[in-house]
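I opened this notebook to record, for someone new to the model, what I looked up and in what order.

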Amino acid sequence: MIKKILFVCLGNICRSPAAEAVLLNRLKQKKLENQYEVDSAGTGGWHIGRLADSRMRMAAKQRGIEIESKARQIALSDFTYFDLILTMDDSNLADVNALLKELDTSPKSKIKPLLSYARNTQLIEVPDPYYGGDSGFDQVLDLLEDAIDGLLIEIDKS
Ligand code: 4NP
C-alpha cells in the first residue's frame with residue numbers, strides 16, 4: 001500500500017517543502033519512491049503558488065537536495081487523504097488540530113510533530129528560519145534529516 005505523508009508548516013516556503021524534498025531524496029536513495037506519496041502545505045495562504053524561499057533551496061542544494069514544490073495551503077480534504085500529517089512546530093500543530101474540528105467525517109490522518117521521530121536533538125519544534133540568518137536553514141535541514149531518518153526506521157518497523 002502506498003503511504004501518503006504530508007508535511008505542514010506556516011508558509012510552506014521553508015520548512016515543510018524542505019522536509020518533503022529530504023524525504024523524497026531519501027526514498028530515491030533507497031529505491032522506495034514508488035511506495036510513497038509525499039507533499040507539503042502551509043497553514044497560511046500568503047505564498048500559494050510560489051517556489052520555496054531561495055535561501056532554503058540553496059542550503060538544500062548544497063546537500064544535493066532539490067526543492068521543487070510550490071506552496072499550497074492545507075485543506076480539509078487532506079485529512080481524509082494522507083495517512084500521516086507531520087507538523088513543524090506547536091503552532092502548526094494547534095492550527096492543524098483547529099482545522100480538523102471542521103471536518104464532518106472521520107479523519108484518516110494521524111497528526112504528529114515531525115521531531116517526535118528525531119533521535120539526535122532535544123528540540124521538539126523545527127525553528128522558523130524565515131526571519132533569521134542563513135545558518136538557520138542549515139539547522140533546519142539537520143533537524144529534518146535526523147527526524148526523517150527516524151521516521152523511515154519507525155515505518156520500517158511497523
Ligand atoms: P515556513 O516559514 O513556515 O517554514 O514556510 C515561513 C515562511 C513565511 C512566513 C512565515 C514563516 N511569512 O510570515 O511570510
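Predicted model: local features only at pLDDT ≥ 70, side-chain atom pairs only at ≥ 80, totals over all residues.

Residues are numbered from 1 along each chain as its sequence is written, and side-chain values use heavy atoms, with hydrogens and water left out.

**Ligand site.** I looked up the residues with a heavy atom within 4 Å of the ligand, and found Cys9, Leu10, Gly11, Asn12, Ile13, Cys14, Arg15, His47, Asp128, Tyr130 and Tyr131. For polar contacts (pairs of N or O atoms within 3.5 Å), I noted that a side-chain N or O atom of His47 lies 2.7 Å from a ligand oxygen atom, while a backbone N or O atom of Asn12 lies 3.2 Å from a ligand oxygen atom.

**Aromatic rings.** I searched the whole structure for ring pairs of Phe, Tyr and Trp (its six-membered ring), with centres within 6.5 Å and planes counted as stacked under 30 degrees, edge-to-face over 60 and tilted for the rest, and the search gave 2 pairs. Tyr81 and Phe82 form an edge-to-face pair, 5.1 Å centre to centre with 80° between the planes.

**Accessibility.** I took buried as under 20% relative accessible area, exposed as over 50% and partly exposed as in between (1.4 Å probe, protein chains only). Phe82 is buried at 2%, whereas Tyr131 is exposed at 76%.

How values were computed. Polar contact = N/O pair within 3.5 Å; in protein donor to acceptor, adjacent residues only side chain to side chain.
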